[in-house]
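The sequence and structure are shown first.

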Amino acid sequence: MKGNNFVDYLFRRKYRQIEAVKGLTFDISAGETVGLVGPNGAGKSTTIKMLTGVLTPSSGNVQVFGRDPFEDRKENARQIGVLFGQRSQLWWDLPPEDTFQVLKRVYKIPDSIYRQNLDKYSKILGAEEFLKQPVRQLSLGQRMRAEILAILLHNPKVLFLDEPTIGLDVAVKKQIRNLLRMINQETGATILLTSHDMKDIDSVCERMIVIDKGKLAVDDSVENVKKRYGTKETIEIEVEGEGAEEKKLLFPPQIKLVVEGNFIKCSYDLRDINAATVIQEVVGKYRIVDVKVKEADIDDVVEEIYGENE
C-alpha cells in the first residue's frame, strides 16, 4: 500500500453495513427442542443474543413469553437459562459453589429447590468432586459441566445454549446431551441449541432451523430434513480377485465408483437409484467379501442444504 492509497486507507476508510440477521421469522412452542444450525457468521449467536435481551433488533420484533426480552430484561432473565460456550459466568478464582450461592440470591431460589437441583445435577454431571475447587484449576470439561449446572439451578423454562459442547471430549459431550434430553422430558423446558457438532442436534433436537447469511434456509423436523436432503449414500465393498479398476466403466452413470485395490466405494443418490440395485450391480461383476452401507448423517444433510443455497 503506497502513497495516496495509504493516506486514503488511514484517513478515509470505507465502511459497509452488514446485516447479521435479516427477515428471519420463526416461532417455538413450549417444550420444543430446536437446533439452530448455520455456518460461521450465519447469525446464530446474534439471534440468541436478541432472544436473551443482550441485543435489540434494529427492525422487527422479538418476544419470549409474550415479552420483549430487551425491554423486560429482569423478568425475562428469571425464566431463562443461557450458556455461551465461549464465555463463562463463573468467577475464575472462586470455586463453582461460591458462584452458585450468588446465583441463589440473584434468582431468589428457595433453599430446598437450590439444594435439590444442586445435588441432582451434580450427580448426573459427575460434578461433586470439583465444585469446591477454584475454577482456574478445572479442566475445560469440568468447567463446562459447572456452567451447565449454574444455569439449571433456578429451574428455567427456556434454555438457550450456544455451542455448549465446543472443545469437549466425547464422554463429556454424551453426558451433556443425555442431561438435556432428560431435562426436556422431565421438566418440559424448551431448548434452543446451536452447535457445529451435528450429533448434538441429532441426539437432542426434534426440530431444526437452518440459517445462512442471516436468512432462514430450512425450518422442519430433523427427520424430515434428513429425508429431504439426506439422499446421498455410500456403500463400501470388499471384493475378491483382481481387475476391480478395469470394471469401473461397466457401471451405470448414477453410481460413482472409487476403487482402491480390493475395496470399492459406491456413491449414489437415492433419488436416482436404491441400495439394492447398487449391490446387485456389484454382485454381477465381483465376488463380494464384505459390504457396509453408510447412510447420510446430519453433517452430510447440512452440507447439502448449504450447497443448495449457494
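In the classification of residues used here, Ala, Val, Leu, Ile, Met, Phe, Trp, Tyr, Cys and Pro are nonpolar, Asp, Glu, Lys and Arg are charged, and the others, Gly among them, are polar. The model is predicted: local features need pLDDT of at least 70 and side-chain atom pairs count only at pLDDT 80 or more, whereas totals for chains, interfaces and linings use all residues. Residues are numbered from 1 along each chain as its sequence is written, and side-chain values use heavy atoms, with hydrogens and water left out.

**Pockets**

A pocket is an open set of points on a 1 Å grid over the protein atoms alone, where a 1.4 Å probe fits and protein lies on both sides within 12 Å along at least five of seven lines; lining residues have an atom within 4 Å of a point. Points are joined across faces, edges and corners, and the volume is the space filled by probe spheres set on them. Helices (H or I, at least four residues) and strands (E, at least two) are DSSP runs numbered from the N terminus.

| Pocket | Volume | Lining by class |
|---|---|---|
| Largest pocket | about 1,000 Å³ | 20 nonpolar, 16 polar, four charged residues |
| Second largest pocket | about 340 Å³ | 10 nonpolar, six polar, three charged residues |

The lining of the largest pocket comprises 40 residues, and L24, F26, L51, N61 and V62 lie nearest its centre. At least two lining residues come from each of α2 (44-51), β3 (158-162) and β4 (190-194); α2 gives the largest share, four residues.

Around the second largest pocket, β2 provides the largest share of the lining, five residues. Each of α3 (73-79), β2 (80-84) and α6 (140-152) supplies at least two.

**Sheets**

Two strands are taken as paired if DSSP finds at least two bridges between them. Six strands form an open sheet with mixed pairing, in the order β2-β3-β4-β1-β5-β6. Its edge strands, β2 and β6 (215-221), each pair on one side only. Within this sheet, β1 (residues 33-37) and β5 (residues 207-212) run parallel and are joined by four bridges; G35 stands opposite M208 in β5. Helix α6 packs on the sheet and touches β2 and β3, its direction making about 160° with that of β2. Such angles run from 0 to 180 degrees between N-to-C directions, with axes fitted as lines to C-alpha atoms, for helices over the stretch in contact.

Another open sheet has four strands in the order β8-β9-β7-β10, with antiparallel pairing. Because β8 (256-260) and β10 (288-294) stand at the edges with a single partner strand each, one side of each is left without a neighbour in the sheet. Seven bridges link β7 (residues 232-239) to β9 (residues 263-269), and I237 has I264 in β9 as its bridge partner. Helix α10 (residues 275-283) lies across β7, β9 and β10 and runs at about 25° to β7.

**Helix contacts**

The axes of α5 (residues 111-125) and α7 (residues 170-187) come within 10 Å and cross at roughly 145°. Their contact (heavy atoms within 4.5 Å) involves K120, Y121, I124 and L125 of α5 and Q175, L179, M182, I183 and E186 of α7. By class, this contact has six nonpolar, one polar and two charged residues.

In helix α3 is Q79. Q79 counts as buried because its relative accessibility is 15%, the limit for buried being under 20% relative accessible area, with over 50% exposed and partly exposed in between (1.4 Å probe, protein chains only). Beyond its neighbours within four places in sequence, Q79 is in contact with F65, R67, P156, K157 and V158.
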